[in-house]
Amino acid sequence: MIYNKEIAKERNYLTQKIRDFFNENNFLEVDTPIMTPIPGMEPHLNPFETDFINPHGEKKTLYLNTSPELQMKKLLGAGFGNIYNITKVFRNGEIGGGRHNPEFTMLEWYRTLADYNTLMEDCENLIIDLADSHKLTFGENEIDLSIPWDRYSVNDLFQKYCDIDLEQNKDFETFSKTAVNHQFNINGCNDWDDLFYKIFLNEIEPKLGFKKPIFVYDYPASQAALSKKNKKNPFWAERFELYIAGNELANAYSELLDSTEQRDRLTQEQSLRKKLNKKVFHVDEEFLASLKSISVPCAGIALGVDRLFMVLLNKKTIEEVLLFPLEKMLNNLKP
């Protein structure tokens, strides 16, 4: 393998700038464990498993964290206030395509007395600071970083690019008929969310954020298990994703703090994991208990650091900003 020292220097510089940004904004940096007995319940993520063997020879299954989210919220419940974390996370099966590596670096931060709108402002300020400019070149595209960035609801985008109003297609049968009438391929879609993502990922996502970064907000509540529902219309949740040049960089929520509702959603995710023939994990009772101790509104966001560096450094693939991409390491093993 060829190791790029200049990329190491760039990563070091940008990572320090991230820390400077949050420290100057009165956030506390925290550490969270890489291994945990209970990973997140997200139905479509697959954690890596490992065995811990204690001095008595007893074995306990542990998981490499897919996200530090549950641990971060436990710290919120303990009164830590505004916090951030730069950590490694692991997702089995996610490799290749220029934007995936099973081990990657995540920046996660939480604000108290805030909602997802405040986090949009954080993203704008952070990335402009890292770019040290109001313009960004990625491939053949010059992206305008001047504030405010574009903001579109999910339903706005479905209407703009697909001529589909999701408000009129809230059940799978209606949505399927509408999709077929618009000549979209619905093969392999077994439920409403399958169909949503097939259309979104193929028809909408590749077109996002090439002139200005775009915040895509108010996702269906069925796709935001840890997010507060929209007060005016509970079909939607206060969740956004940030896109720059077709790359999804961040996922954010106005946090759900109702422990009873959160338990119900985690139970639903357990059922979905079982339906998908995936391992079902216990509900993290400490996490649910911590929600009861959070007395003020708060919002949290996870941002993929490697993808962000890829965009900032104008690299075509995520492998170009990693010193040890797994795909290359595996290829080196071949005879």
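Strand 12 (residues 247–254) and strand 13 run antiparallel, and 5 bridges join them. Strands here are DSSP runs of E with at least two residues, helices are runs of H or I with at least four, and both are numbered from the N terminus. Two strands count as paired if DSSP finds at least two bridges between them. To spot this pairing, look for Ala252, which stands opposite Ile301 in strand 13. Strand 13 also pairs with strand 6 (residues 103–112), again in the antiparallel sense, over 7 bridges. There, Thr112 stands opposite Cys298.

Before going on, a word on the numbers: residues are counted from 1 along each chain as its sequence is written. This is a predicted model, where local features need pLDDT of at least 70 and side-chain atom pairs count only at pLDDT 80 or more, while totals for chains, interfaces and linings use all residues; side-chain values use heavy atoms, with hydrogens and water left out.

How many residues of strand 13 (residues 298–304) are buried? The count is 7 of its 7, where buried means under 20% relative accessible area, exposed means over 50%, and partly exposed lies in between (1.4 Å probe, protein chains only). In a regular strand, side chains alternate between the two faces of the sheet. In strand 13, Cys298, Gly300, Ala302 and Gly304 are buried on one side, and Ala299, Ile301 and Leu303 are buried on the other.

Now for the largest nonpolar core: it has 44 residues, and Phe22, Leu107, Trp109 and Phe240 touch the most other members. Such a core is a set of buried Ala, Val, Leu, Ile, Met, Phe, Trp, Tyr and Cys residues joined through side-chain atoms within 4.5 Å. Helix 3 (residues 116–131) gives the largest share, 8 residues. A second, separate core has 23 residues, including Cys162 and Phe175. Back at Leu107, its contacts (heavy atoms within 4.5 Å) include Phe22, Ile301, Ala302 and Leu303.

Finally, find Asp218 in strand 10 (residues 214–220). Asp218 is buried but has no salt bridge, and the nearest side chain of opposite charge, Lys232, is 9.2 Å away. A salt bridge would need a side-chain nitrogen of Lys or Arg within 4 Å of a carboxyl oxygen of Asp or Glu. What joins the side chains of Asp218 and Tyr116? A polar contact of 2.7 Å does, meaning a pair of N or O atoms within 3.5 Å, one able to donate a hydrogen and the other to accept it.

Methods
Lys, Arg positive; Asp, Glu negative; His and termini not counted. Lists of a residue's contacts leave out its neighbours within four places in sequence.
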